[in-house]
Amino acid sequence: MKRVLSGIQPSGQLTIGNYIGALRNFVKLQHSHSCYFMIVDLHAITVPQEPAALKEQTESVAALYLAAGIDPAKASIFLQSQVSAHAELGWLLTTLTYMGELERMTQFKDKSSGKESVGAGLFTYPSLMAADILLYKADLIPVGDDQKQHLELTRDLAVRFNNRFGELFAMPEPYMPEIAGRVMSLDDASKKMSKSNPNAASFIAILDEPDVIRKKLSRAVTDSGREVKYDPQNKPEVSNLIGIYSHFAELSVAEIEAKYEGQGYGPFKKELAEHIVSVLEPIQQRYKEIRSSGAVHDVLKKGAEEAAIVANETLREVKKLMGF
Ligand code: ADP
Ligand code: NA
(Lines give C-alpha, C1' and ligand atoms only; values in the text may rest on other atoms or scores of the structure.)
(Ligands and ions follow the chains in the order given, each with its own letter.)
Protein backbone atom coordinates (compact mmCIF):
# COMPACT_ATOMS: atom_id res chain seq x y z
CA MET A 1 0.00 0.00 0.00
CA LYS A 2 1.22 3.48 -0.85
CA ARG A 3 1.95 5.73 2.09
CA VAL A 4 0.31 9.06 2.84
CA LEU A 5 1.51 11.66 5.31
CA SER A 6 0.18 15.08 6.17
CA GLY A 7 -0.52 17.38 9.09
CA ILE A 8 -2.24 20.51 10.31
CA GLN A 9 -0.87 23.08 12.76
CA PRO A 10 -2.70 23.52 16.07
CA SER A 11 -2.39 27.27 15.70
CA GLY A 12 -6.06 28.26 15.82
CA GLN A 13 -9.53 27.24 14.68
CA LEU A 14 -9.41 25.01 11.60
CA THR A 15 -11.03 26.69 8.59
CA ILE A 16 -12.87 25.42 5.54
CA GLY A 17 -9.57 26.06 3.72
CA ASN A 18 -7.95 23.38 5.91
CA TYR A 19 -10.99 21.19 5.27
CA ILE A 20 -10.84 21.46 1.48
CA GLY A 21 -7.06 21.42 1.13
CA ALA A 22 -6.31 18.80 3.74
CA LEU A 23 -8.81 17.19 6.09
CA ARG A 24 -11.36 16.15 3.50
CA ASN A 25 -8.68 14.35 1.49
CA PHE A 26 -7.27 12.72 4.64
CA VAL A 27 -10.64 11.08 5.14
CA LYS A 28 -10.80 9.95 1.50
CA LEU A 29 -7.28 8.55 1.29
CA GLN A 30 -7.46 6.43 4.45
CA HIS A 31 -9.45 3.77 2.57
CA SER A 32 -6.84 3.14 -0.11
CA HIS A 33 -3.54 4.10 1.53
CA SER A 34 -1.46 3.55 4.61
CA CYS A 35 -1.98 6.93 6.31
CA TYR A 36 -0.14 8.98 8.93
CA PHE A 37 -1.88 12.17 10.00
CA MET A 38 -0.05 14.44 12.42
CA ILE A 39 -0.94 17.45 14.44
CA VAL A 40 2.17 19.50 13.79
CA ASP A 41 2.69 21.18 17.14
CA LEU A 42 6.43 21.67 16.50
CA HIS A 43 5.49 23.75 13.45
CA ALA A 44 2.90 25.75 15.39
CA ILE A 45 5.55 27.06 17.80
CA THR A 46 7.46 28.75 14.98
CA VAL A 47 5.26 31.67 16.01
CA PRO A 48 4.65 32.30 19.74
CA GLN A 49 1.91 30.11 21.31
CA GLU A 50 0.52 30.30 24.84
CA PRO A 51 1.13 26.85 26.40
CA ALA A 52 -2.47 26.48 27.62
CA ALA A 53 -3.86 27.54 24.25
CA LEU A 54 -1.48 25.21 22.42
CA LYS A 55 -2.67 22.28 24.52
CA GLU A 56 -6.32 23.12 23.95
CA GLN A 57 -5.89 23.67 20.19
CA THR A 58 -3.93 20.44 19.87
CA GLU A 59 -6.73 18.43 21.49
CA SER A 60 -9.24 20.28 19.39
CA VAL A 61 -7.49 19.43 16.11
CA ALA A 62 -7.18 15.76 17.13
CA ALA A 63 -10.90 15.65 17.97
CA LEU A 64 -11.70 17.30 14.63
CA TYR A 65 -9.69 14.67 12.78
CA LEU A 66 -11.90 12.04 14.37
CA ALA A 67 -15.10 14.05 13.93
CA ALA A 68 -14.38 14.56 10.24
CA GLY A 69 -14.20 10.80 9.84
CA ILE A 70 -10.58 9.72 10.16
CA ASP A 71 -10.72 6.23 11.60
CA PRO A 72 -7.84 5.47 13.99
CA ALA A 73 -8.14 1.81 13.03
CA LYS A 74 -7.25 2.78 9.46
CA ALA A 75 -4.91 5.76 9.92
CA SER A 76 -2.38 6.71 12.59
CA ILE A 77 -3.19 10.05 14.24
CA PHE A 78 -0.41 11.51 16.35
CA LEU A 79 1.35 14.58 17.68
CA GLN A 80 4.56 15.48 15.89
CA SER A 81 6.19 16.32 19.24
CA GLN A 82 5.54 12.80 20.55
CA VAL A 83 7.71 11.15 17.90
CA SER A 84 11.13 12.61 18.60
CA ALA A 85 12.57 11.37 15.30
CA HIS A 86 10.89 14.39 13.65
CA ALA A 87 13.02 16.90 15.54
CA GLU A 88 16.13 14.81 15.03
CA LEU A 89 15.79 14.27 11.27
CA GLY A 90 14.68 17.90 11.03
CA TRP A 91 18.10 18.94 12.30
CA LEU A 92 19.95 16.54 10.02
CA LEU A 93 18.08 17.89 6.99
CA THR A 94 18.61 21.50 8.10
CA THR A 95 22.31 20.87 7.61
CA LEU A 96 21.60 19.83 3.99
CA THR A 97 19.37 22.82 3.25
CA TYR A 98 20.80 25.95 1.60
CA MET A 99 20.05 29.39 3.03
CA GLY A 100 19.05 30.52 -0.47
CA GLU A 101 16.39 27.82 -0.68
CA LEU A 102 14.81 28.94 2.58
CA GLU A 103 15.07 32.61 1.61
CA ARG A 104 13.00 31.92 -1.51
CA MET A 105 10.05 30.48 0.45
CA THR A 106 7.03 32.70 -0.04
CA GLN A 107 5.42 31.55 3.22
CA PHE A 108 8.44 32.78 5.15
CA LYS A 109 8.34 36.09 3.29
CA ASP A 110 4.60 36.47 4.05
CA LYS A 111 4.85 35.47 7.70
CA SER A 112 7.93 37.56 8.43
CA SER A 113 7.06 40.65 6.45
CA GLY A 114 6.60 43.75 8.59
CA LYS A 115 7.81 41.95 11.75
CA GLU A 116 10.66 43.47 13.70
CA SER A 117 12.07 40.07 14.62
CA VAL A 118 11.08 36.52 13.77
CA GLY A 119 12.20 33.21 15.24
CA ALA A 120 14.80 31.17 13.39
CA GLY A 121 12.33 28.26 13.44
CA LEU A 122 10.03 30.13 11.08
CA PHE A 123 12.91 30.23 8.63
CA THR A 124 14.04 26.60 8.95
CA TYR A 125 10.49 25.19 9.16
CA PRO A 126 10.59 23.71 5.60
CA SER A 127 13.50 21.44 6.60
CA LEU A 128 11.42 20.08 9.48
CA MET A 129 8.51 19.59 7.12
CA ALA A 130 10.79 17.62 4.80
CA ALA A 131 11.73 15.43 7.76
CA ASP A 132 8.05 14.85 8.56
CA ILE A 133 7.48 13.51 5.08
CA LEU A 134 10.71 11.63 4.49
CA LEU A 135 10.59 9.79 7.83
CA TYR A 136 7.62 7.86 6.47
CA LYS A 137 9.01 7.60 2.92
CA ALA A 138 5.59 8.93 2.00
CA ASP A 139 4.37 8.67 -1.60
CA LEU A 140 1.44 11.05 -1.48
CA ILE A 141 1.04 14.31 0.44
CA PRO A 142 -2.49 15.74 0.67
CA VAL A 143 -2.00 19.49 1.07
CA GLY A 144 -3.33 22.81 -0.13
CA ASP A 145 -1.67 24.73 -2.92
CA ASP A 146 0.18 26.94 -0.40
CA GLN A 147 2.42 23.98 0.47
CA LYS A 148 3.58 23.31 -3.08
CA GLN A 149 6.86 25.17 -2.68
CA HIS A 150 7.70 23.42 0.59
CA LEU A 151 6.99 20.08 -1.02
CA GLU A 152 9.35 20.89 -3.87
CA LEU A 153 12.08 21.56 -1.33
CA THR A 154 11.31 18.20 0.29
CA ARG A 155 11.84 16.50 -3.07
CA ASP A 156 15.07 18.42 -3.62
CA LEU A 157 16.34 17.36 -0.19
CA ALA A 158 15.38 13.75 -0.86
CA VAL A 159 17.38 13.78 -4.11
CA ARG A 160 20.29 15.55 -2.43
CA PHE A 161 20.38 13.03 0.39
CA ASN A 162 20.09 10.05 -1.96
CA ASN A 163 22.89 11.36 -4.18
CA ARG A 164 25.20 12.15 -1.33
CA PHE A 165 24.64 9.29 1.10
CA GLY A 166 22.86 6.51 -0.82
CA GLU A 167 19.42 5.74 -2.19
CA LEU A 168 16.93 5.86 0.68
CA PHE A 169 14.02 8.22 0.12
CA ALA A 170 10.97 7.88 -2.13
CA MET A 171 9.82 10.97 -4.09
CA PRO A 172 6.68 12.38 -2.49
CA GLU A 173 3.93 13.66 -4.80
CA PRO A 174 1.44 16.35 -3.85
CA TYR A 175 -2.26 15.45 -3.75
CA MET A 176 -4.22 18.67 -4.20
CA PRO A 177 -7.80 19.63 -4.95
CA GLU A 178 -8.34 20.45 -8.63
CA ILE A 179 -10.36 23.52 -7.79
CA ALA A 180 -9.95 25.76 -4.74
CA GLY A 181 -6.56 24.28 -3.88
CA ARG A 182 -6.01 27.64 -2.24
CA VAL A 183 -9.19 28.92 -0.60
CA MET A 184 -8.98 32.68 -0.29
CA SER A 185 -10.16 35.02 2.50
CA LEU A 186 -13.78 36.13 2.50
CA ASP A 187 -12.77 39.77 2.99
CA ASP A 188 -9.81 39.85 0.61
CA ALA A 189 -9.45 37.42 -2.29
CA SER A 190 -5.76 38.23 -2.65
CA LYS A 191 -5.02 36.55 0.71
CA LYS A 192 -5.15 32.87 1.61
CA MET A 193 -7.87 31.94 4.07
CA SER A 194 -5.96 31.14 7.25
CA LYS A 195 -6.78 30.16 10.80
CA SER A 196 -4.06 32.50 12.02
CA ASN A 197 -5.77 35.57 10.55
CA PRO A 198 -6.88 37.67 13.56
CA ASN A 199 -9.97 38.83 11.66
CA ALA A 200 -12.52 36.02 12.18
CA ALA A 201 -14.71 37.44 9.40
CA SER A 202 -12.00 36.48 6.92
CA PHE A 203 -12.56 32.74 7.39
CA ILE A 204 -15.22 30.17 8.14
CA ALA A 205 -14.12 27.88 10.94
CA ILE A 206 -15.19 24.24 10.80
CA LEU A 207 -16.66 24.79 14.27
CA ASP A 208 -18.50 28.05 13.46
CA GLU A 209 -22.19 27.94 14.49
CA PRO A 210 -24.60 27.73 11.51
CA ASP A 211 -25.78 31.31 12.03
CA VAL A 212 -22.22 32.57 12.13
CA ILE A 213 -21.52 30.79 8.84
CA ARG A 214 -24.64 32.36 7.28
CA LYS A 215 -23.66 35.81 8.49
CA LYS A 216 -20.04 35.55 7.36
CA LEU A 217 -21.12 34.46 3.89
CA SER A 218 -23.74 37.14 3.52
CA ARG A 219 -21.03 39.68 4.28
CA ALA A 220 -18.37 38.03 2.09
CA VAL A 221 -16.95 40.51 -0.39
CA THR A 222 -18.07 40.20 -4.03
CA ASP A 223 -17.70 42.44 -7.07
CA SER A 224 -20.41 44.87 -8.10
CA GLY A 225 -21.66 42.66 -10.95
CA ARG A 226 -24.31 39.96 -10.63
CA GLU A 227 -23.05 37.09 -12.76
CA VAL A 228 -22.13 33.84 -10.97
CA LYS A 229 -19.25 33.03 -13.27
CA TYR A 230 -15.91 31.33 -12.62
CA ASP A 231 -13.24 33.80 -13.72
CA PRO A 232 -10.41 33.98 -11.15
CA GLN A 233 -8.67 36.75 -13.06
CA ASN A 234 -11.55 39.22 -13.23
CA LYS A 235 -13.91 37.89 -10.56
CA PRO A 236 -11.61 36.53 -7.84
CA GLU A 237 -14.14 36.82 -4.97
CA VAL A 238 -17.01 35.07 -6.74
CA SER A 239 -14.64 32.47 -8.21
CA ASN A 240 -13.38 31.70 -4.72
CA LEU A 241 -16.95 31.17 -3.51
CA ILE A 242 -17.72 28.96 -6.52
CA GLY A 243 -14.68 26.83 -5.66
CA ILE A 244 -15.88 26.44 -2.08
CA TYR A 245 -19.40 25.68 -3.33
CA SER A 246 -18.09 23.00 -5.63
CA HIS A 247 -16.54 21.08 -2.71
CA PHE A 248 -19.41 21.41 -0.28
CA ALA A 249 -22.18 20.63 -2.79
CA GLU A 250 -20.16 18.16 -4.88
CA LEU A 251 -21.07 20.06 -8.06
CA SER A 252 -18.89 21.10 -10.98
CA VAL A 253 -18.23 24.74 -11.79
CA ALA A 254 -20.40 24.44 -14.92
CA GLU A 255 -23.29 23.02 -12.89
CA ILE A 256 -23.03 25.86 -10.38
CA GLU A 257 -22.88 28.52 -13.10
CA ALA A 258 -25.92 27.03 -14.82
CA LYS A 259 -27.89 26.81 -11.58
CA TYR A 260 -27.52 30.53 -10.84
CA GLU A 261 -27.73 31.91 -14.34
CA GLY A 262 -29.50 35.27 -14.26
CA GLN A 263 -30.07 35.14 -10.49
CA GLY A 264 -27.41 37.43 -8.99
CA TYR A 265 -25.31 36.72 -5.90
CA GLY A 266 -28.05 36.67 -3.24
CA PRO A 267 -29.46 33.16 -3.69
CA PHE A 268 -26.00 31.83 -4.56
CA LYS A 269 -24.47 32.98 -1.28
CA LYS A 270 -27.51 31.86 0.75
CA GLU A 271 -27.48 28.35 -0.69
CA LEU A 272 -23.72 28.10 -0.39
CA ALA A 273 -24.13 28.77 3.34
CA GLU A 274 -26.69 25.97 3.61
CA HIS A 275 -24.42 23.49 1.80
CA ILE A 276 -21.57 24.32 4.16
CA VAL A 277 -23.83 24.06 7.21
CA SER A 278 -25.16 20.69 6.12
CA VAL A 279 -21.63 19.27 5.80
CA LEU A 280 -20.25 20.88 8.97
CA GLU A 281 -23.17 20.38 11.38
CA PRO A 282 -22.72 16.60 11.73
CA ILE A 283 -18.96 17.10 12.16
CA GLN A 284 -19.65 19.66 14.92
CA GLN A 285 -22.05 17.26 16.61
CA ARG A 286 -19.50 14.43 16.61
CA TYR A 287 -16.80 16.86 17.71
CA LYS A 288 -18.76 17.68 20.88
CA GLU A 289 -19.28 14.01 21.68
CA ILE A 290 -15.60 13.21 21.11
CA ARG A 291 -14.40 16.11 23.25
CA SER A 292 -16.60 15.05 26.15
CA SER A 293 -15.68 11.35 25.81
CA GLY A 294 -11.95 11.94 26.35
CA ALA A 295 -11.20 9.40 23.58
CA VAL A 296 -8.52 11.59 22.01
CA HIS A 297 -5.83 10.69 24.52
CA ASP A 298 -5.80 6.96 23.68
CA VAL A 299 -5.97 7.61 19.95
CA LEU A 300 -2.90 9.85 20.09
CA LYS A 301 -0.99 7.38 22.24
CA LYS A 302 -1.64 4.50 19.86
CA GLY A 303 -0.92 6.71 16.82
CA ALA A 304 2.43 7.86 18.20
CA GLU A 305 3.45 4.25 18.89
CA GLU A 306 2.58 3.23 15.33
CA ALA A 307 4.31 6.25 13.80
CA ALA A 308 7.45 5.82 15.91
CA ILE A 309 8.03 2.30 14.56
CA VAL A 310 8.32 3.61 10.99
CA ALA A 311 10.01 6.91 11.87
CA ASN A 312 12.67 5.39 14.12
CA GLU A 313 13.59 2.81 11.51
CA THR A 314 14.10 5.52 8.85
CA LEU A 315 16.09 7.66 11.27
CA ARG A 316 18.33 4.68 12.03
CA GLU A 317 18.98 4.19 8.30
CA VAL A 318 19.69 7.89 7.79
CA LYS A 319 22.18 8.07 10.64
CA LYS A 320 23.97 4.97 9.47
CA LEU A 321 24.31 6.35 5.93
CA MET A 322 25.50 9.72 7.26
CA GLY A 323 28.26 8.12 9.28
CA PHE A 324 26.90 8.30 12.82
P1 ADP B 1 -3.13 27.64 8.19
O2 ADP B 1 -2.40 28.30 7.06
O3 ADP B 1 -4.63 27.83 8.12
O4 ADP B 1 -2.55 27.90 9.54
P5 ADP B 1 -1.74 25.06 8.12
O6 ADP B 1 -0.47 25.75 7.79
O7 ADP B 1 -1.87 24.38 9.42
O8 ADP B 1 -2.97 26.07 7.93
O9 ADP B 1 -2.07 24.06 6.94
C10 ADP B 1 -2.67 22.79 7.14
C11 ADP B 1 -3.11 22.23 5.81
O12 ADP B 1 -4.21 22.99 5.30
C13 ADP B 1 -2.03 22.32 4.72
O14 ADP B 1 -2.14 21.18 3.91
C15 ADP B 1 -2.41 23.54 3.94
O16 ADP B 1 -1.95 23.48 2.61
C17 ADP B 1 -3.91 23.46 4.01
N18 ADP B 1 -4.49 24.80 3.88
C19 ADP B 1 -4.31 25.83 4.74
N20 ADP B 1 -4.98 26.91 4.32
C21 ADP B 1 -5.57 26.55 3.14
C22 ADP B 1 -6.40 27.24 2.21
N23 ADP B 1 -6.73 28.50 2.42
N24 ADP B 1 -6.83 26.58 1.12
C25 ADP B 1 -6.49 25.28 0.91
N26 ADP B 1 -5.72 24.57 1.76
C27 ADP B 1 -5.26 25.20 2.85
NA1 NA C 1 0.15 26.84 5.94
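Which residues are buried in H10? The answer comes in point 2, after a word on the overall layout. The model is predicted.

1. Layout. The protein divides into domain 1 (3–176 + 294–322) and domain 2 (200–287). Their centres, taken over C-alpha atoms, are separated by 29 Å. Domain 1 puts eleven residues into the contact, and domain 2 puts in eleven residues. On the side of domain 1 that touches domain 2, the elements giving two or more residues are H1 and helix H3 (51–68).

2. Helix H10. This helix covers residues 236–249. Its buried residues are Glu237, Val238, Ser239, Asn240, Leu241, Ile242, Gly243, Ile244, Tyr245, Ser246, His247 and Phe248. That is twelve of the 14 residues, so H10 is largely enclosed by the rest of the structure. The buried residues pack against H1, helix H11 (253–259) and helix H12 (265–293).

3. Geometry of H10. At 1.5 Å a residue, its 14 residues should span 20 Å. The end C-alpha atoms of H10 are 20 Å apart, which agrees. Just after the helix, glutamate 250 takes a positive phi of about 55°.

4. Strand S2. The strand runs over residues 34–39. Five of its six residues are buried, so S2 is largely enclosed by the rest of the structure. Strand S1 (residues 3–8) runs parallel to S2, and six bridges join the two. Between them the chain passes through helix H1 (residues 16–29), in a β-α-β crossover that is right-handed. On pairing with strand S3 (residues 75–79), S2 is again parallel, over five bridges.

5. One residue across the strands. Follow isoleucine 39 of S2. It stands opposite isoleucine 8. In S3, its bridge partner is leucine 79.

6. The core. The largest nonpolar core holds 91 residues. Phe37, Ala62, Tyr65, Ile70 and Ile77 touch the most other members. Helix H13 (residues 296–322) gives the largest share, nine residues. Where does this core lie? It lies between domain 1 and domain 2, because both give residues to it.

7. Tyrosine 65. Leaving aside neighbours within four places in sequence, tyrosine 65 is in contact with Phe37, Ile70 and Ile77.

8. Valine 299. This residue is found in helix H13. Is valine 299 buried or exposed? It is buried, because 20 other C-beta atoms lie within 10 Å, and the cut-off for buried is 20 or more. Not counting residues up to four places away in sequence, valine 299 touches Ala62, Leu66, Pro72 and Ile77. Valine 299 and isoleucine 77 are 222 residues apart in sequence, yet 6.8 Å apart in space, C-alpha to C-alpha.

9. Phenylalanine 123. Its place is in helix H7 (residues 120–134). Not counting residues up to four places away in sequence, phenylalanine 123 touches Leu102 and Phe108. Glutamine 284 is 161 residues from phenylalanine 123 along the chain, and 35 Å separate their C-alpha atoms.

Key
Residues numbered from 1 in each chain as written. Chains lettered and ligands numbered in written order. Predicted model: local features only at pLDDT ≥ 70, side-chain atom pairs only at ≥ 80, totals over all residues. Core = buried A, V, L, I, M, F, W, Y, C linked by C-beta atoms within 7 Å. Helix = DSSP H or I, 4+ residues; strand = E, 2+ residues; numbered from the N terminus. Domains from an automatic or database assignment. Contact = placed C-beta atoms within 7 Å. Pairing = 2+ DSSP bridges. Right-handed = clockwise from strand over helix to strand, strands pointing away. Expected span 1.5 Å × (residues − 1).
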